[in-house]
Amino acid sequence: MATLGAGSSRYDKAFPASFVEAHLAAGLSEYVDAIEEQAARSSPVLRVFTPPSDISGTPGDGMRLGLVWDDPAPAALADLFPVLENLG
């Protein structure tokens with residue numbers, strides 16, 4: 001299993017193996033940053049992630065919307081649509 005790099009042992013087991021395999025370490029660090037921001041703010045963090053280039057240098061396709069929050073219940077899509085609608 002890949003790790004996030006030096007000093008990141010705190011997060012080595014934070015992501016499922018399939019998630020780690022699908023993201024390069026550079027991409028995982030963006031998710032770690034969002035987790036740390038959410039912990040500092042104690043409010044949900046909504047981020048747009050662009051997939052990093054793969055090993056061959058081919059850029060990742062599209063974008064991903066990531067929601068980080070500490071509520072154990074899944075986010076309701078109906079709650080997210082107004083946020084997305086007001087992004088502009």
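User: Before we start, what counts as a helix or a strand here?
Analyst: Helices are DSSP runs of H or I with at least four residues, and strands are runs of E with at least two. The model is a predicted one.

User: OK. How many helices and strands does the protein chain have?
Analyst: The protein chain has three helices and two strands.

User: In what order do the elements run from the N terminus?
Analyst: The order is α-α-β-β-α.

User: What share of the residues count as buried?
Analyst: Of the 88 residues in the protein chain, 19% count as buried.

User: Let's pick one residue. Where is Q38 found?
Analyst: Q38 sits in helix α2, which covers residues 25–41.

User: Is Q38 buried or exposed?
Analyst: Q38 counts as buried because its relative accessibility is 8%, and the cut-off for buried is under 20%.

User: What is Q38 in contact with, leaving aside neighbours within four places in sequence?
Analyst: With those neighbours set aside, Q38 contacts S43, P44, V45, V68, W69 and D70.

User: Which element gives the most to the patch?
Analyst: That is α3, with four residues.

User: What about L67, where does L67 lie?
Analyst: L67 is in strand β2. Its relative accessible area is 30%, so L67 is classed as partly exposed.

User: New topic: pockets. How much space lies in the largest pocket?
Analyst: About 160 Å³.

User: Which residues line the largest pocket?
Analyst: The lining consists of P44, V45, L46, L67, W69, A75, A76, D79, L80 and V83. P44, V45 and W69 also came up as contacts of Q38, and L46, L67, W69 and V83 were named in the nonpolar patch.

User: Which elements supply at least two residues of that lining?
Analyst: β1 and α3 each do. The most comes from α3, with three residues.

User: Last one. Among contacts between residues at least 6 apart in sequence, what share join residues at least 24 apart?
Analyst: In the protein chain, 25% of those contacts do.

Key:
Residues are numbered from 1 along each chain as its sequence is written. This is a predicted model: local features need pLDDT of at least 70, side-chain atom pairs count only at pLDDT 80 or more; totals for chains, interfaces and linings use all residues. Side-chain values use heavy atoms; hydrogens and water are left out. Buried means under 20% relative accessible area, exposed over 50%, partly exposed in between (1.4 Å probe, protein chains only). Contact means heavy atoms within 4.5 Å. Patches are made of residues with over 30% relative accessible area and no salt bridge: like charges are joined within 9 Å, nonpolar side chains (Val, Leu, Ile, Met, Phe, Trp, Tyr) within 5 Å. Accessible areas come from the Shrake-Rupley method with a 1.4 Å probe; for residues, only the protein chains shown count as cover. A salt bridge is a side-chain nitrogen of Lys or Arg within 4 Å of a carboxyl oxygen of Asp or Glu. On a 1 Å grid over the protein atoms alone, a cavity is a set of points where a 1.4 Å probe fits but cannot get out, and a pocket is an open set with protein on both sides within 12 Å along at least five of seven lines; lining residues have an atom within 4 Å of a point. Grid points are joined across faces, edges and corners, and a volume is the space filled by probe spheres set on the points.
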